Amino acid sequence: MDFYRNLPKIELHAHLNGSLSNATLAELRELKYGKDVQLGTDDGFYKILNGETLSLEECFKKFHYAHDLTDRREALAKATERVIDEFAKDNVIYLELRTTPKSTAYMAKREYLSTVLDVMRKSVELYPQMIVKLLPSIDRSKGIIEAEESVALAIELDAFYPGLMAGFDLSGNPFGTKFADFVPPLQKARKHGFRMALHCGEFEDAQEVKEMLEFGVDRIGHGTFIEGDHLEFARKNNIPFECCLTSNVKCKTVPSYEDHHFYKLLKIKHPVCVCTDDFGVFETSLSQELEICANTFNLSNDEIFELQLKAVEYTFATEHEKNKLREVLKQFKESS
């Protein structure tokens, strides 16, 4: 495991609220409810705080806890700080973090987004070897009006936080929604200069995949059910896939690690990067995901290194930032 931990890594698909570790959730719970709050054995937090194995349903409840515990500015700032710190400790040198701007009883959307961006701006001083970018996300389950508001807000704040927001994500429960409805705000975001990293092919809907590919995506989130002509289109257009192995296996969108489409993409030499998705929810890390890849698909250390080096090209970083990342990886290679 030492090699994977020491390897400088590129993370391109991580959701803020899904990346709150059990320790961070416990800290946020204490911040909101105090030290003396009583826990019952029927309380989902009881298992989290006692380090017990969670069922899939209990894993997904972490999203509910995360939203509840980050409804104030102080808590949201602390959560963002902790997530960046945990990625830094895992030797992630480039991080694209995703979150949907939310309004709560204590914060408007503008304060939510600016709070996350404030923490990211400060992280430059705390982690000089790490580059952190934000991908504001459209939660399609919240509807088109909220999508339009999020795009308008991101464009407005981009002037105050230059270089921190690099792209837009479309995620959330896709059922009962149509991708076509979200094209106008996504077009507006792209016209402003934001890149597109959309959740695409997460479920079986060939027509939606076709519409997304025709719209134009810079990277494909998951892409679990992209095959045939659509995979060939992605190959011809060199569109990278963001593969989240443990997330897909635990959510049962793929039957096992051995059956994960990552290996199919690797064999055809298609651009692919390994990501965590929600390391807090699924209790993993980028180092662990790379170790799983190596063990499952018999990849050497050199091949794992090449995955990270190639992933630099798939980032939404500037050319100057990409050169910096390449240099860090080069130094690691020379010293190992």
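The structure I am showing today holds nine aromatic pairs, where rings of Phe, Tyr and Trp (its six-membered ring) pair if their centres lie within 6.5 Å, and where planes under 30 degrees apart count as stacked, over 60 as edge-to-face and the rest as tilted. One of them is formed by Phe3 and Tyr4, an edge-to-face pair with 5.4 Å from centre to centre and 80 degrees between the planes.

Before I go on, please keep in mind that this is a predicted model, in which local features need pLDDT of at least 70 and side-chain atom pairs count only at pLDDT 80 or more, while totals for chains, interfaces and linings use all residues. Residues are numbered from 1 along each chain as its sequence is written, and side-chain values use heavy atoms, with hydrogens and water left out.

Phe3 and Tyr4 also belong, together with Phe305 and Phe332, to one aromatic cluster. Over the ring of Phe305 sits the charged end of Lys333, 4.9 Å from the ring centre, and by this we mean that NZ of Lys or CZ of Arg is within 6 Å of the ring centre and within 35 degrees of the ring normal. The charged end of Arg72 likewise sits over the ring of Tyr106, 3.7 Å from its centre.

Is Tyr4 buried or exposed? Tyr4 counts as buried because its relative accessibility is 9%, given that buried means under 20% relative accessible area, exposed over 50% and partly exposed in between, with a 1.4 Å probe and protein chains only.

Let me turn to Gln308, which lies in helix 14 (residues 301–314); helices (H or I, at least four residues) and strands (E, at least two) are DSSP runs, numbered from the N terminus. Gln308 is buried, with a relative accessible area of 2%, and a polar atom of its side chain lies 2.8 Å from the backbone nitrogen of Ile10. Leaving out residues up to four places away in sequence, Gln308 touches Leu7, Pro8, Lys9, Ile10, Leu290 and Leu329, where contact means heavy atoms within 4.5 Å.

Why does Arg140 count as buried? Arg140 counts as buried because its relative accessibility is 3%, and, neighbours within four places in sequence aside, its contacts include Leu170, Phe179, Phe182, Glu208 and Met212.

Notes
A polar contact is a pair of N or O atoms within 3.5 Å; within protein, one must be able to donate a hydrogen and the other to accept it, and residues adjacent in sequence count only if both atoms are side-chain atoms.
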